[in-house]
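Hi everyone, thanks for coming.

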Amino acid sequence: MTLSMRGLAAIAALLVALSKPSQSLDNGVGKLPFMGWNTWNAYHCDISEQIVLDNAKLIKSLGLLDVGYQYINIDDCYAEKERSPEGDIVANKERFASGMNNLTSQVHAMGFKAGIYSCSGWFTCQLYPGSYNNEDRDIALFQDWGFDLLKYDNCAVPFDEVIKEGMVGKFTRMADSIAKLSEQSGKPPLLYSICQWGREQPWVWAKRLGQTWRSTDDFGGPNWPAITTIINQNTFYFLSNDFYAHNDMDLLEVGNGDELTFEESKTHFTAWALMKSPLVISTDLTKATEETLTILKNQELIAINQDPVVGTSVSPFRWGVNPDWTSNATHPAQYWSGETQNGTVFMLINVLDEPADMFFSLTESPWIRAGRQYSVRDLWAHTDNGTVVRNMTIPQVPPHGVVALLLKDVGDEPDGTQPPCARPEWCMDQNGTRIDQ
């Protein structure tokens, strides 16, 4: 495969951008992807303090807080349509009658952190007051209200002649306000979650400003095409994932309706977890089934998402049905691997509409050593499945299903294993004999 000069220049620019230090590295928050719950997909604008508190209590009672779902995040529509005479955003007097300080105090008392929403334009996406030209005022208010996270959206963009900025400058305004407020107040900065929808390459620049950024469009689910679309969009951005720097693949809709099969829901969760996206549930958990909770509480996958030693994402090593290094809207990459503190993780996605055997050579992953054997842990069955040498075949993976495996090096492969190389290309004896000729 060859790259054009334009392609090489783009890669060079990406690597330079990724090598520059991020403001977020110095602010003490956001090392790991955050986990929590968000009001939007389950309730849209039909939210209230009671709905937020009831869900927080439910999340705690279901054991989701215990496995890491820490943030209770309020999305759009919590405010009055007009600011106060003094210029402040005002919480809706009917739906949040007790005030935001009372709400966040109760959320914190349950052991959670609290998140709030605003927008970098004149208005939010539902036409409530946005924060453009009010960044200092609004972030001070959100901190005074007791919030720990800001989801910052991208609607109602001011005319060019007003803003005189591109996307970087537009989102830098709030980043600067957050940093300045933290310095002045002596309090930790709010975690800054940039919701910029994947345009203008946020995976290149947004890590200088916040801890997470939307690397994809909105998750248009719950359905299989929505899952494949998001995985596809995020496939080529894995390099931007590391500590303090997380591609946000949008909200989890596991258990939200009947459109996803159990296997598709497992794939949805596995991809988000292993690609190191924030894990933010946005479903009506009053309808959660045991299957839904089994998926959302998979602690072996959560442990990799929250790995304190390795911050990088899985990456694809084979595109399956696609020509190498090409995008396909219905068939994203099938074979993925990545580093963890405890071994090499593999994610295999059957993108076909029927069961399929999935075969790969271990050393197709860059994190596997030749001439070694590996123990196999199934991260969904939660079983230890013996050892493997060189190659693996997973039989009859369900349609749209996923396999998640953790392989650990357990020593040299058996003496005399043949052929001399698992992968024959240019495999050569010291006497000059090649086995591929």
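**Starting from one tyrosine**

Let's begin with Tyr78, which touches Ile47, Ile89, Ala91, Asn92, Arg95, Phe96, Met100, Ile116, Tyr117, Phe142 and Trp145, leaving out residues up to four places away in sequence. By touching, or contact, I mean heavy atoms within 4.5 Å. Before going on, a word on what you're looking at: it's a predicted model, where local features need pLDDT of at least 70, side-chain atom pairs count only at pLDDT 80 or more, and totals for chains, interfaces and linings use all residues. Residues are numbered from 1 along each chain as its sequence is written, and side-chain values use heavy atoms, with hydrogens and water left out.

Okay, back to the tyrosine. Tyr78 and Phe269 touch the most other members of the largest nonpolar core, which has 98 residues. The biggest share of this core comes from helix 7 (residues 167–185), with six residues. A nonpolar core here is a set of buried Ala, Val, Leu, Ile, Met, Phe, Trp, Tyr and Cys residues joined through side-chain atoms within 4.5 Å. Buried is under 20% relative accessible area, exposed is over 50%, and partly exposed is in between, using a 1.4 Å probe and protein chains only. Helices (H or I, at least four residues) and strands (E, at least two) are DSSP runs, numbered from the N terminus.

There's also a second, separate core of 17 residues, and Phe317, Met358, Val376 and Leu405 are among them.

Next, a pair of helices. How do the axes of helix 3 and helix 4 cross? Helix 3 (residues 49–61) and helix 4 (residues 100–109) have axes that come within 10 Å and cross at roughly 5 degrees. Those axes are lines fitted to C-alpha atoms, for helices over the stretch in contact, with angles from 0 to 180 degrees between N-to-C directions. Helix 3 and helix 4 are therefore roughly parallel to each other, a label for angles under 35 degrees. Where they meet, helix 3 brings Glu49, Val52 and Leu53, and helix 4 brings Leu103, Gln106 and Val107.

Now for helix 10, residues 262–274. Its 13 residues should span 18 Å at 1.5 Å a residue, and its end C-alpha atoms are 18 Å apart, so the two agree. The expected span is 1.5 Å times one less than the number of residues. Is this helix mostly covered or mostly open? Mostly covered: eleven of the 13 residues in helix 10 are buried, including His268, Phe269 and Trp272. Among the elements its buried residues pack against are helix 9 (224–234), helix 11 (290–296) and strand 16 (402–412).

Ser265 is buried, at a relative accessible area of 6%, and beyond its neighbours within four places in sequence it contacts Val254, Gly255, Leu260 and Ile295.

Lys276 sits in the loop between helix 10 and strand 8 and is buried, at 2% relative accessible area.

Tyr244 also has a positive phi, about 65 degrees, although it is not a glycine. You'll find Tyr244 in the loop between helix 9 and strand 7 (246–248), partly exposed at 21%.

Last stop: Gln418 and Pro419 are joined by a cis peptide bond, with omega about -5 degrees, and Pro419 lies in the segment after strand 16.

Notes. Angles under 35 degrees count as roughly parallel, over 145 as roughly antiparallel, 65 to 115 as roughly perpendicular and the rest as oblique.
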